[in-house]
Amino acid sequence: MLEDFSPIAPEPLYARLAQAPADTLVLCASMRIAKAQQAALGRWQQARGVRVWRAPQLVTPEIFLADLDLQQRQTRRLAGQPGATPLAALEVEALWQQVVAEDEHGQDLLRKGEAARKALEAWRLCHDFALSLPLPVAGESSETAHFNRWAQRYQARCARIGAIDPGDHRAQLIAALERGEGRVPPQVVWVGFEAPLPWQQTLQAALRARGCEQSCLLLPARAGQFSVVKARTAEHELRAAAHWVLAQAQRDPQRRIAVVIPDLGARRSDVLRVFDQVLCPAQWQVARAPQARPYNVSLGQPLAEVGLVRTALLLLRLMISGLDWGAASALLCAPYWAAQRARDAAAAADVQMRAHGALRVTLGRLRQASAEAAWRQTLDGLVEASSERGMTGAGLWAERFSRWLQAAGWPGARALDSEEYQAQQAWHELLRDLGRLDTVLGKLSARDALAQLTELAQRRVFQPQSPEVAIQVLGALEAQGLQFDALWVAGLQDEVWPPAANPNPLIPYDVQRQAGLPHASAAVDLAWAQRLTQGWRDGADEGVLSWPETEGDRELQPSPLLRVVAAEVPRCQVPSHAPGWIGLAQSGEDVWLDDAVMPLLQTQLKGGTGLLADQATCPFRAVVHHRLQARALDVPQYGPSHLDRGNVVHAVLERLWRQWRDQATLCGLSAEARAAQVEAQLDEVLAQMARAAPERLTPAMQALERARLGKQIGEWLAIEAQRPPFVVEVLEGQAVEGEARAPTVDFDGISLRLRPDRIDRLESGARVVLDYKTGGELKTQWLDPRPEAPQLPLYALTEAEVAGVAYAQINVKNIGLVGIGDSAELAQGIRDVHQTQAFKALQMGWFEVLDHWRDAQRALVQEIRQGVASITPKNPAVSCRHCDLHAVCRIREHTFLSDDDESSSGDVA
Ligand code: SF4
């Protein structure tokens, strides 16, 4: 135990290390602490004017034992007695997965991978805390009984392949040390071990037996000034911490500054985003090569999530089993494969695949749809390379996968930056590790080999090397035993700090509590969190402890360890924009464009009614959709969308009325004949749609849609049969008979493609325009000065003899007409404007209504011609909700840090 050792202060230790570095071994709890002590020793030497010194041995106990292992192997090799090989960590993981998956109980487990991880964790805990196996079992169906059985089989398998478990190997090394084998220095200093684990205590005993004088480093408490603050949200808290760090670094660039976040793993990407914005905004300049960050985040990300490696795994999955559309889309747009000349074709394939609503993408399907030569050549290369896929060992699979990726042009043609290069090296190492599993895994199919590789990549943490920096962002564990000049600890709400107990389910709880296993009980975690909280206060000259007050709609409470009365705590101030951002904008490197007004139109603009609808809703939206032709990509989904259903209704009614042409024919049909004709047309239209996207519209789905839409169309036709007699003249913009109609209409200088769903002529000679409405909100504010639904007014203005306009609602809620016109005789549901209060009050008849519509549309056309492109949504609560341009107009940034959401962002300009 450390209490038995005499404490040593830093300066005497450094003096000792400076005098005889080989005589003292410094064992540190982590390599981070070892590095911090190396740096502290360096500063101490430099303060004494020393420029060069011999590096002492500062390592973790694991590295010290690995050195001892090396010495022993050399000795054994010289003696011709090689001995059993310890398993590598990844071999241990693979063996445990096999053992759990093959067990009769393992077969019933839903998440075998997770069960194997828990079993391996339990195995390691048993070794670290010297728990003897088998563990005591309480009750017949105890999970512990399964674990005991798995542990036995794991040991048997190790013996069968002539390997030794690393935990057992460690115990053997410590025993050998105690017996007098290996070199040990006369003095050992322990650093950063709050409560040594039982195996570390065994090592201490072995060193004592070898006559080592042991002591522990005692860092003086700094007892700095700490304040406690609260933030409105976690985002505000991070932003405030980043600004505080910036101010600290500006005060003195040499200051060692840290931000500790207990749940850093879950918040890593938010930390990077916010800290980049505040501390190195240049990272966000698209045209610039990425630069080294001035801060370091301790927790890396799983290698499988790093872009370059993710692309490699997706490529292999595409070649072996195909991808769902989201993964396929990410792969087709990834820059890490295929020749540059094939990239545009790959992106076009993504658009095409989405438009077809393909939910599953295979190599064969992509190849079928490929027309561009370079792209086709790339896909042919993939098909050929991946044809070699018979069962074989992991080593050969690693070689095959390398060849497949080579055929795909991975990792792309452009030069890799430092981080990407390190990811590429990590990938090669991963393949080598897969090859090392040959003995353990035996022969594998392509799918199993890829599953193993993916599992390895998910478990491996990728932390690119970066230059030493003074600003660290750390998790609670990583910060243990370190000291800083300035420290901000964020995220100290009661749900996070102290952490909730999380005992391993395979070890009996009372055994865990007795042995003091981490997370065994709330009391264990509370004691640990208390020690750390005190350690933060003692380990920095100044600092801040904070928590966010809310998460979504929920109110959060401070950690009880902060010992604060919430009402007395000040809220941290958060500047809305980082000075770096503002500096970036003012640097002159970026060009400011006044994009509230676009350049004047030099050519005649063309568009449908959507152009005027978008201009009325939000001028910026009209410019992006119609002048820049930019739209969000389609998102394939299971089953038909609202749009699909609308298209089906349009297509079926068009087909029916092209046959019938007038109401008399409809009325002459018996109810059965009418229903049969509707069904026949529905079948054809749905089958056509299913041919384009078979996974989306399965036969069962087609049957459901036929029943649903058939009922709605049937009800609508019953209403059509009750209307005053009519002849259908125009269907989907095309004349039913007679001369073809002009494709566009000139309206005040812009060329509009108008395509009325339907125009009927009544016996009186009057014409009625119908717009089918199969979903969405009905816009019946007929006198709106800025109409967001201009179709019907535009048709009324550009067609001759129109006496009324109406929406034909055919949807699950409503079936019937809603419109206005010159007379109530046009149809039920079409109101006579002369008899309607709103129009009468304004003394407006039908022609005055037409005049009003003309003025409103002309005003919008005028705006379009002048290039008005301001971000001024007409009704933000509604206009922005269903808009696809949030990422382009960045409406959320306009409202950032206000209490309002988009629903109250009407004042942005
Ligand atoms: S999200 Fe709102 S502000 Fe942005 S373009 Fe769409 S409607 Fe305009």
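Arg-761 counts as partly exposed because its relative accessibility is 24%; buried means under 20% relative accessible area, exposed over 50%, and partly exposed in between, with a 1.4 Å probe and protein chains only. Salt bridges that share partners join Arg-761 with Glu-729, Arg-741, Arg-767, Glu-799 and Glu-801 into one network. A salt bridge here is a side-chain nitrogen of Lys or Arg within 4 Å of a carboxyl oxygen of Asp or Glu. This is a predicted model, in which local features need pLDDT of at least 70 and side-chain atom pairs count only at pLDDT 80 or more, while totals for chains, interfaces and linings use all residues. Residues are numbered from 1 along each chain as its sequence is written, and side-chain values use heavy atoms, with hydrogens and water left out.

**Salt bridges**

Side chains of opposite charge can pair when their charged atoms come close. The structure holds 58 salt bridges. Three of them are listed here.

| Pair | N to O distance |
|---|---|
| Glu-729 and Arg-761 | 2.5 Å |
| Asp-103 and Arg-153 | 2.6 Å |
| Arg-436 and Asp-433 | 2.1 Å |

Glu-729 and Arg-761 meet in a salt bridge. This pair links distant parts of the chain, with Glu-729 in strand 23 (residues 726–731) and Arg-761 in strand 27 (residues 758–762), 32 residues apart. Helices (H or I, at least four residues) and strands (E, at least two) are DSSP runs, numbered from the N terminus. Glu-729 is partly exposed, because its relative accessibility is 23%.

Asp-103 and Arg-153 also meet in a salt bridge. The two are 50 residues apart and link distant parts of the chain: Asp-103 is in the loop between helix 4 (89–102) and helix 5 (112–128), and Arg-153 is in helix 6 (residues 143–160). Asp-103 is buried, with a relative accessible area of 0%, whereas Arg-153 is partly exposed at 33%.

Arg-436 and Asp-433 are both in helix 17 (residues 418–436), and they are separated by about one helical turn because they are 3 residues apart. Arg-436 is partly exposed, with a relative accessible area of 41%, while Asp-433 is buried at 4%.

**A buried serine**

Ser-329 lies in helix 12 (residues 325–333). Its relative accessible area is 7%, so Ser-329 is buried. Leaving aside residues up to four places away in sequence, Ser-329 touches Asp-350, Met-353 and Arg-354; contact means heavy atoms within 4.5 Å. Val-361 is 32 residues from Ser-329 along the chain, and their C-alpha atoms are separated by 9.2 Å.

**A positive patch**

Arg-310, Arg-317, Arg-360, Arg-389 and Arg-447 form a positive surface patch. Patches are made of residues with over 30% relative accessible area and no salt bridge; like charges are joined within 9 Å, and nonpolar side chains (Val, Leu, Ile, Met, Phe, Trp, Tyr) within 5 Å. Arg-447 lies in helix 19 (residues 446–459) and counts as exposed because its relative accessibility is 54%.

**The whole chain**

The protein chain has 35 helices and 31 strands. Of its 909 residues, 48% count as buried. Among contacts in the chain with a separation of 6 or more, 75% are between residues 24 or more positions apart. The C-alpha atoms fill a box of roughly 115 × 65 × 55 Å, taken along the principal axes.

Note on methods: Accessible areas come from the Shrake-Rupley method with a 1.4 Å probe; for residues, only the protein chains shown count as cover. Lys and Arg count as positive and Asp and Glu as negative; His and the chain ends are not counted. The place of a charge is taken as NZ of Lys, CZ of Arg, CG of Asp or CD of Glu.
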